[in-house]
Amino acid sequence: ERGFNRDTAYISCFNEPAKWLTTEETCTYTNAVVAAMQGDFKVVYGNDEFNMLDWNYLGQNCTAEVMAVHHLSSVGNWDDSYKFFQNIKDCATIAATYGKEILGSECGSWFVDYNTTLGHAVNLDIMRECKKYNYLGCLIVLPDTGIGAHGNWGLLGYRIWDDSFTHIVSGSVEKYNEFIEFIKLEGQQEVIKVYGIELNLVKPNCHNEETRAVQQVMLDEGYDLGVWGADSWYGEVTEAAIRKWQTDNELRVDGIVGSQTWNWIIGNMDTGAKRFAQLLA
């Protein structure tokens, strides 16, 4: 979500384990997954509401590196959406006590409609609070992921995961390896060197100065980036603009600004490398 860099892939064992398992059983299962991963990915543990597990026990005994918490229903109630907001800070303290990183894996204004001024404000405040206490990320759960979600949440700046992601992991265990490859592809952060300049890859969901510079190039060339403009966030509007720009300039159309597109931008634009260096400054 807005305010967080997404450059690492994580694996979660399950969702809300306390519905079926004790804290001890959750820990045992998670540790088995960590062993099976053999260091290929960071595994998150917990992945439940703040009041459902013994987080100190997990911190002491779980070998996973990342504590994942649902700041959803556990940050408020029907009378006061902010009643237990302190939980966000408290969870960060618990994670730090045991040398763990922390992720807000399911967050949102559970007791207030997101479409209302208050509901949207709660979501933004959860994100800010997670950012304040060094969470790796803050994933906002959207109650509707249909056409309405793109029309409403997309305009508010939320990233919408559609069915194309769900289909990757549905069906059978044979899809597991395909899922892992998807995580590797989406999670990697590449740095490439073009004309002696080290540049981050610009791709969907990333947030960096290179993205802002590319967006400014798009705006300079007359491409529409909607209400956000050059805000350094690579979302659906930016992807559409980059794909059209790549098509118009006969480049490989993949929505990713990698070596080929970077070389074209810096080597072929009228303003050239000097202008681009100014954008990145």
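Colleague: Does T261 count as buried or exposed, and at what relative accessibility?

Modeller: Buried means under 20% relative accessible area, exposed over 50%, and partly exposed in between, with a 1.4 Å probe and protein chains only. T261 has 2% relative accessibility, so T261 counts as buried. This is a predicted model: local features need pLDDT of at least 70, side-chain atom pairs count only at pLDDT 80 or more, and totals for chains, interfaces and linings use all residues. Residues are numbered from 1 along each chain as its sequence is written, and side-chain values use heavy atoms, leaving out hydrogens and water.

Colleague: Which residues is T261 in contact with, leaving aside neighbours within four places in sequence?

Modeller: Contact means heavy atoms within 4.5 Å. On that basis, with neighbours within four places in sequence left aside, T261 touches W245, Q246, L251 and I256. T261 is found in helix α10, residues 259–268 (helices are DSSP runs of H or I, at least four residues, and strands are runs of E, at least two, numbered from the N terminus).

Colleague: How many residues has the largest nonpolar core?

Modeller: A nonpolar core is a set of buried Ala, Val, Leu, Ile, Met, Phe, Trp, Tyr and Cys residues joined through side-chain atoms within 4.5 Å. The largest one here has 34 residues, and W55, M67 and I126 have the most contacts inside it. Helix α3 gives the largest share of this core, five residues. A second, separate core has 17 residues, including W245 and L251.

Colleague: Which elements do the buried residues of α4 pack against?

Modeller: The buried residues of α4, among them I126 and M127, pack against α3 (86–97), β4 (101–107) and β5 (138–140).
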